Amino acid sequence: MEFSLQIWYDYSIDPVLPVKSGKRDENITKKDGVKMKMTFVKNFPGMGECDAYVLCPGCAKKHIPEAAALLDKVDEKRFSGKAGQTIALNLVHGDKLVTVVIIGFGDKIDENSFAKAYAKGVKEAKKAKPATIGVITGGPLAGKAVESIILADNVYETHKTEKADKVDYIIYGVEEDE
């Protein structure tokens, strides 16, 4: 799947998901001059490379079983996978604390709910002040995930006294098993 991304004519990147070999780096300069780095990777190698991760419950079960095990213990009133829900789980991996944000899409997944879920997940992950956020996505709506990450990271800092921390992103275009 290929897609080209143009948002408000401020950004122009051509990410290709899934990445056919290895990884691909994209440097994006936002309207306010802030640079943002996105790396597109074909397969998820497991936890360790990022300080935080954003993914759906199904991806958690498949790729981060520690998070899935914790999610199974969470009361449905706190997180049931409904559209707009997120839950941040803190896991110890090696000697590092890793934040895993699980996002809910609801029963009907469309472009809008997909984009909103990833944007909300990224905003939640940024609360942990990570240097790198890994986003596990894929399928025909992967472009919406990338677009929502850029929009969620777009913080206007003109009137803020404290500048936001710079975050790099790794987008894992996880392919489904055939």
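Student: Is F114 buried or exposed?
Tutor: F114 is buried, since its relative accessible area is 7% and anything under 20% counts as buried. Bear in mind that this is a predicted model.

Student: What aromatic pair do F114 and Y118 form?
Tutor: A tilted one, with 5.0 Å from centre to centre and 55° between the planes.

Student: Where do F114 and Y118 lie?
Tutor: Both are in helix α3, which covers residues 111-126. They are four residues apart, about one turn of the helix. Y118 is buried, as is F114.

Student: How many aromatic pairs are there in the whole structure?
Tutor: A search finds five. One of them joins F105 and F114, with ring centres 5.1 Å apart and planes at 15°, so that pair is stacked.

Student: Why stacked?
Tutor: Because the planes are at 15°, and planes under 30 degrees apart count as stacked. A pair of rings is described by the distance of the centres and the angle of the planes.

Student: And F105, buried or exposed?
Tutor: F105 counts as buried, at 10% relative accessibility.

Student: Which residues do ring pairs link into a cluster?
Tutor: F44, Y53 and Y172.

Student: New topic. Which residues are buried in helix α2?
Tutor: In α2, residues 65-72, the buried ones include A67, A68 and L71. Seen down the axis of α2, the buried residues fall within an arc of 100°, so they line one face of the helix.

Student: What about T99, where is that?
Tutor: T99 sits in strand β7. With 7% relative accessibility, T99 counts as buried.

Student: What does its side chain make a polar contact with?
Tutor: The side chain of T99 makes that contact with the side chain of N90, at 3.0 Å.

Student: Which residues is T99 in contact with, leaving aside its neighbours within four places in sequence?
Tutor: D51, A52, Y53, A88, L89, N90 and A128. Y53 also belongs to the ring cluster with F44 and Y172.

Student: Last one, K129. What is its phi?
Tutor: Phi of K129 is near 55°, a positive value in a residue other than glycine. Most residues other than glycine have a negative phi.

Student: Where is K129, and is it buried or exposed?
Tutor: K129 is in the loop between α3 and β8 (132-137). K129 is exposed, because its relative accessible area is 56% and exposed means over 50%.

Key:
Residues numbered from 1 in each chain as written. Predicted model: local features only at pLDDT ≥ 70, side-chain atom pairs only at ≥ 80, totals over all residues. Heavy atoms only, no water. Phe/Tyr/Trp six-rings, centres within 6.5 Å; stacked < 30°, edge-to-face > 60°. Buried < 20%, exposed > 50% of the residue type's maximum accessible area, 1.4 Å probe, protein only. Helix = DSSP H or I, 4+ residues; strand = E, 2+ residues; numbered from the N terminus. Arc of directions from axis to C-beta. Polar contact = N/O pair within 3.5 Å; in protein donor to acceptor, adjacent residues only side chain to side chain. Contact = heavy atoms within 4.5 Å.
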